[in-house]
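Please look over the structure shown here before reading on. The paragraphs below go through it part by part.

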Amino acid sequence: MAVRNMQLQTALLPQRDLLTADQRFSTAPSCRFFTSKTSLRRSLSAAPRLCRAVLSTPSLKDESKHQNKEYEDDGRVFNFAAGPATLPASVLKQAQEELYNWRGSGMSIMEMSHRGKEFTSIIQNAEASLRSLLKIPDDYAVLFLQGGATTQFASVPLNLCKPEDTADYIVSGSWSDKAFKEGQKYCTAKVVWSGKSNKYTDLPQPGELSLTPGARFLHICANETIHGVEFKDYPSPGGDTLLVADMSSNFCSKPVDVSKFALIYAGAQKNIGPSGVTIVIVRKDLLGNSQKITPVMLDYKIHADNNSLYNTPPCFGIYVCGLVFSDLLEKGGLRAAEQRNIEKAKLLYDAIDASNGFFKCPVKKEVRSLMNVPFTMETPDLEAAFLKEAAAGGMVQLKGHRSVGGIRASIYNAMPKAGVEKLVALMKSFQERHAS
Ligand SMILES: Cc1ncc(COP(=O)(O)O)c(C=O)c1O
């Protein structure tokens, strides 16, 4: 009984109270541990008896080298998918290790009651880590929902607008276009800027927007996953108009001033976890005004009042998101994530721009996405040959979205720099062999 109580106490520890990712790299003259937090805890308790365990903090370079070796040894490919997308190797391994018996509870997370103390600690820790990462002010609710970002296209107007209200939409690509079309069903939705005539390769300049006076909200897609355009600065709608952003494909890729937004939503499956979890961050004073027809599952107030446990939530997905949030915190937070993302994106865009037009990125330089990099080659045959070579070299899911074709490299937080370096090396060698 005493042992079980001790196990449960450990299970309920906040994740950040456990050892940090950096501490997972531990070296000593006669022993070396590279392991997950749980087994490290076990290993360390045994360590003094076996050898001298020294914890050291590796440089980012060492970490990247280690990660690449790990990828090769595990037979992992570099997965450039747009989502569901690659996750941090350390998170996957920790989830694997904890799958059968979560931290001594005797249960898998998939088997636990969502109202039990174990899962309560998991969801609370996930929320606390996300709040800390994004510095979310206390007057915002954080909701863990289901239905993907697509469901939010309806939930946003249903919760923020009366049917007769106007809502403005910037249509900068396929996803904001879908949000606008769904929004039309629940309010007077208006397109105030569209990039369609430029094939969604640009974004509005600050002075270029003429918003509807009294519009209830302005909706933007912070990063268009298919077209690869990303807002660098966000528009300020002014007056009482609320700013709403779909951040599905750049969520937690860089710091964001949450207080500029009334509402942020994001599907998890790009940067923060498996599909099935959708995060909504919403100002609390906006809760409780949903339209009469709003289904109970789309009503933010109901979810906020019930701490995202109104019904059975996607427990395992929320757990993985929590691991990713902890991992990001341990790796220096969102400022550090942004630096890594800038470095990776620069490698790729520089290679495209230095190719004398052999590779072309259609997106205007100022708004190029750090997350999704689309590019084309002279002919579809060349692109097909490139994709084939990439796959043979362990670089997969590089085909552009079916609606636009070409190539698209999604290089989210968890894509190792080595993956981008390998892609760039192939691009250079492919060009040497195929340029006329
Ligand atoms: C920016 C953006 N918004 C919305 C969606 C739709 O997300 P879901 O499939 O989770 O509904 C996606 C999916 O890729 C996306 O990239």
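The model is a predicted one. In general, the strands of a sheet are joined through backbone hydrogen bonds, in either a parallel or an antiparallel sense.

One pairing can be followed in detail. Strand E5 (residues 166-171) runs parallel to E6, and the two pair over 6 bridges. Within this part of the sheet, Val171 stands opposite Ser194 in E6.

Helix H5 (residues 117-134) packs against helix H9 (residues 315-330) at an angle of about 40°, and their axes are 8 Å apart. An angle between 35 and 65 degrees is classed as oblique, and H5 and H9 are therefore oblique to each other. Their crossing is left-handed. On the H5 side, the contact is made by Phe119, Ile122, Ile123, Asn125, Ala126, Ser129, Leu130, Ser132 and Leu133. H9 contributes Cys315, Ile318, Tyr319, Cys321, Gly322, Phe325, Ser326, Leu328 and Leu329. By class, the residues of this contact of H5 with H9 divide into 13 nonpolar and 5 polar, with no charged residue.

H9 also packs with helix H4 (residues 89-98), at an angle of about 135° and with the axes 10 Å apart. H4 and H9 are therefore oblique to each other. The crossing of H4 past H9 is right-handed. Here Ser90, Val91, Gln94 and Ala95 in H4 meet Val320, Leu323, Val324 and Asp327 in H9. The contact of H4 with H9 is made up of 5 nonpolar, 2 polar and 1 charged residues.

Helix H11 (residues 380-392) and helix H12 (residues 417-434) cross at roughly 135°, and their axes come within 11 Å. H11 and H12 are therefore oblique to each other, and their crossing is right-handed. The residues that meet are Leu382, Phe386, Glu389 and Ala390 in H11 and Leu426, Phe430 and His434 in H12. This contact of H11 with H12 has 5 nonpolar, 1 polar and 1 charged residues.

Which residues surround the ligand? They are Gly83, Gly148, Ala149, Thr150, Trp175, Cys221, Thr225, Asp246, Ser248, Ser249 and Gly267. Helix H6 (residues 148-160) supplies the largest share of this shell, 3 residues. By class, the shell around the ligand has 3 nonpolar, 7 polar and 1 charged residues.

Conventions
Residues numbered from 1 in each chain as written. Predicted model: local features only at pLDDT ≥ 70, side-chain atom pairs only at ≥ 80, totals over all residues. Near = placed C-beta within 6 Å. Helix = DSSP H or I, 4+ residues; strand = E, 2+ residues; numbered from the N terminus. Nonpolar A, V, L, I, M, F, W, Y, C, P; charged D, E, K, R; others polar. Axes fitted to C-alpha atoms, helices over the stretch in contact; angles between N-to-C directions. Parallel < 35°, antiparallel > 145°, perpendicular 65-115°, else oblique. Left-handed = near helix turned anticlockwise from the far one by under 90°. Contact = placed C-beta atoms within 7 Å. Pairing = 2+ DSSP bridges.
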